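Have the sequence and the model open side by side while reading.

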Amino acid sequence: MSPLDYPVSTIDAPLRVSGKFFCSGNGVNFLKVVTFGPFPAGAFPDEGICQLKSIRDDLGANAIRVYEIPTLLFLHECARYGLRVFITLPWSQHVDFTRESHVLAEADQLLLETIKRFRGHPAVAGYFIGNEIETTLVRWMGKRQVLEQLERLIDLGHANDPDALFAYANYPSTEYLLPRNQDFVAFNLYLEDRESFARYLSRLQNLAGDKPLLISEFGVDAENHGEDVQSEMLKWHVEEACRAGAAGTTVFAWSDLWQRGGNTIEEYSFGLKRRDDTAKPAMGELKEKWGPLQRGSDELPLEATPSMSVIVCTYRGSATLVECLDSLVALDYPAVELLLVNDGSDNRVSELVAEYDKIREISIPHSGLSAARNIGAEAAQGEILVYTDDDCIVEPDWLRWMAHQFLRNDSVGCAGGPNIPPAPQSAMQAVIAAAPGGPTHVLLTDAEAEHLPGCNLAVRKDVFEEVGGFNPIFRTAGDDVDFCWRVLEAGYDLGFHAAAFVWHHRRFSYRTYFRQQFGYGKAEAMLMPLHRQRFRGLGGAVWKGQVYTSRSPVSSFVYHGHYGYEPFQLIYPDENLGMSEVCLHALWWLLAIALIVGGFWVGGLFIPAGLMVAGSVFVARRRALRAGIDAAFDGPGARISVALLVLAQGFLRSGSRLALGWKDAKWSRGLEVVTTATLKKVASGWWKLGKERSFWSGEGIARDEFLTAVREIYPKAEVDETGRTDLILSRGWFWNWALITATEYHEDNKRLTRMRLLGRPEPVMRFLVLPLVVGVIVAVGLGWGLKNELLTLGILSAIAFFASRLFVAVRIPRLVKAARLAGLEPV
């Protein structure tokens, strides 16, 4: 956009992301959004410009979401009224766009044209590059393939407008579609039970990780529920969104005038305005709720404000201390005491603290982190002790979120939240922030933790005293893990809230990062004899919960449900992650090195050594590709650097843990863990032989009717309850034959149903074939002259491959018959 085209605007600053919130200028900006359109032709001759003043004044919204590309005049008017605009790109997401290349080309062109037209416009809040791609279609295309295309669109957007925000508008049935490079996480959410809504928001906050969570649609149909119920539900949805720490929420919709696919929608009434343009009761209720909101914490119901003592322990930490102390004195909480324990009586630290009247310094000889934290607790007067580090920065409402956790549950002994790295200032900082091994929380549920890092940890003082404080043997790390485990053993819960976050600088150089990882391994070795039941084998701690990670859960297992229709398709940890950890362990590398050395005498040993190194590199590469690197420093070099840090981190942490704790390690249990992980890996995955066909209907017939007809043709077919496929047609000792389908919805009630017949080897086949393949390859490598056997193996494999293809081809005519029986015609 040319500067000459800039409109008169009442929007003071562009929208940006700041941790879990949106900001504009110097403050947090809670987004109060309403969807606008698409309207039936002729509903508003001026594109709806006449409604904008009412949206701002009568509703109190500060943003709108549109589903069609607006005109420049419309955006000018939005800027004049102070309304930010989220633009949803309307491209063909209802088809298999991974195969229809022209669809993606059209989406690229639309995105580039839209950015070129509006770049720099003050009203543009951001872009949704997609919206609710249908769940069975995602399963058909593959979640990894869909994610790649969504991320490619976001990269294209960032490259052409670095200042704009980009995201994908998701929904619960595909909650696993979380592009790593989106600026915020958005979900369309239609849950009409308040408790279920609140619980699911906690889940979404944890899926969002370090990014803001925006509810991109929430609506209530007044046609079915009545206008009073609509008003009440929209009111409590705002309250729960705020209490969950969401960065904003979007009400669907502004008006009952609404069209989809060119057809006017008459059977629903989600609007805040009726079709005659009169306001419903929800309009006034929302304005009353939205009016005073600036931050989500404004809606927190704090019946009391327990006194809190914030304790910062520092050992020669003057480099980052000023930022930390500045944030502490800006805390918005009525009953707070600020303490700094100067571990080592550093003169520079004392000089800095002297500039702050509100902060009390306690100087001690260098005693270590645990001892310093205990001394701070002894001096504290508050009911609740709150710990953070000298390289952390807190938000003004940090303590309000902490108090909220203690007040809503008496069983909470400790509470905390995430720790998020600030925006990196160099490529090295960006790489280290994206590398594994940083301080992180472990969650048992979405609101209950198993571990909270000491940089963001609050504890009731009586609980602190009951468990005996921190163990002074831990001088630099491990103290918080030991402390949290003892609090849990005492019968208390560890609360967690995503909005109670702190900014936490990661290490500033590779040398300090390597030292940190070595120290973490040392701390784990010290924890082993104290908590033997918490460790297994030669690995790290065994957690009942899930270790928090900012990596995209692309490798996780998704439960799709019956025919892929499960409304909440939850993400479960990958069963094969154990093998990934094995490939990064120090013993793995030592064994690979030993095989390489032995290979100079017995050449065949180079083969297993090479496979081991390749396995480690593969794991590191996969993790690096999914790492969240700041866009300003992202690139091939940064990804390679992260991969190298993944390898180094695994070696250093496991190596120091083993070197210092080998007496307490469970060696036999370690062998069992490795064997189990290997067997799981062997028994999972593998190849799938597939054959595809497509069927057309001009009468609205889709996959459900087709699957019903298939079950008539195959009466012994069973439903795949995991939802990975739709039907398992037959199952044998060596192979099973499964069917997966998806339907594309086109205009005028036309449907295209796609079918894929899969031939998959059963575990018995895998365990029979794998030793044979590996054995022949190793034998050839050892020079045993089994080249004829290798050729024979190749011929047998080819015969098996073509035989399975033949079996697939034989089944296709029966499936075509089922399609015709259902009223579908082959394409």
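Does G416 count as buried or exposed? The model is a predicted one, and in it G416 counts as buried because its relative accessibility is 0%, where buried means under 20%. This glycine is placed in strand β19, which covers residues 412-416. Apart from neighbours within four places in sequence, G416 touches M402, Q405, L452, N456, G495, F496, H497 and A500. V459 is 43 residues away from G416 along the chain, yet the two C-alpha atoms are separated by 8.9 Å.

The whole chain can now be set beside that position. The protein has 827 residues, and 55% of them count as buried. Its secondary structure comprises 25 helices and 34 strands. Among contacts with a separation of 6 or more, 74% are between residues 24 or more positions apart. The accessible surface of the protein is about 35,000 Å², and carbon and sulfur atoms account for 57% of that area.

The aromatic side chains come next. How many aromatic pairs does the structure hold? There are 29 of them. In one, F252 and W258, the ring centres are 5.2 Å apart and the planes stand at 80 degrees, so the pair is edge-to-face; the cut-off for that class is over 60 degrees. F252 and W258 are both buried. Another pair is formed by F464 and F483, whose ring centres are 5.7 Å apart with planes at 45 degrees, so this pair is tilted. It links distant parts of the chain, since F464 is in helix α15 (residues 461-467) and F483 is in helix α16 (residues 479-489), 19 residues apart. Both of these phenylalanines, F464 and F483, are buried.

Together with Y190, Y268 and F270, they form one aromatic cluster. The backbone at F252 has a feature of its own: the peptide bond from F252 to A253 is cis, with omega near 15 degrees. A253 lies in the loop between β11 (248-251) and β12 (259-260).

Two arginines are placed over aromatic rings. R756 lies over the face of W140, at 3.9 Å from the ring centre. R814 lies over the face of Y714, and here the distance to the ring centre is 4.2 Å.

Helix α19 (residues 586-599) supplies the largest share of the patch, four residues. V597 is found in that helix, α19. With a relative accessible area of 41%, V597 is partly exposed, because that class lies between 20% and 50%. An α-helix has 3.6 residues a turn, so residues three or four places apart point the same way.

Besides the bond from F252 to A253, which is cis, a cis peptide bond joins G37 and P38, with omega at about -5 degrees. P38 is in the loop between β4 (31-36) and α1 (52-59).

D277 is not a glycine, but its phi is positive, at about 75 degrees. The loop that holds D277 runs between β13 (263-264) and α9 (281-290). D277 counts as partly exposed, its relative accessibility being 37%. R316, likewise not a glycine, has a positive phi of about 55 degrees. R316 is found in the loop between β14 (308-314) and α10 (318-329). Its relative accessible area is 62%, so R316 is exposed.

Technical notes
Residues numbered from 1 in each chain as written. Predicted model: local features only at pLDDT ≥ 70, side-chain atom pairs only at ≥ 80, totals over all residues. Heavy atoms only, no water. Helix = DSSP H or I, 4+ residues; strand = E, 2+ residues; numbered from the N terminus. Buried < 20%, exposed > 50% of the residue type's maximum accessible area, 1.4 Å probe, protein only. Phe/Tyr/Trp six-rings, centres within 6.5 Å; stacked < 30°, edge-to-face > 60°. Lys NZ or Arg CZ within 6 Å of the ring centre and 35° of its normal. Contact = heavy atoms within 4.5 Å. Areas by Shrake-Rupley, 256 points an atom, 1.4 Å probe, with all protein chains shown as cover.
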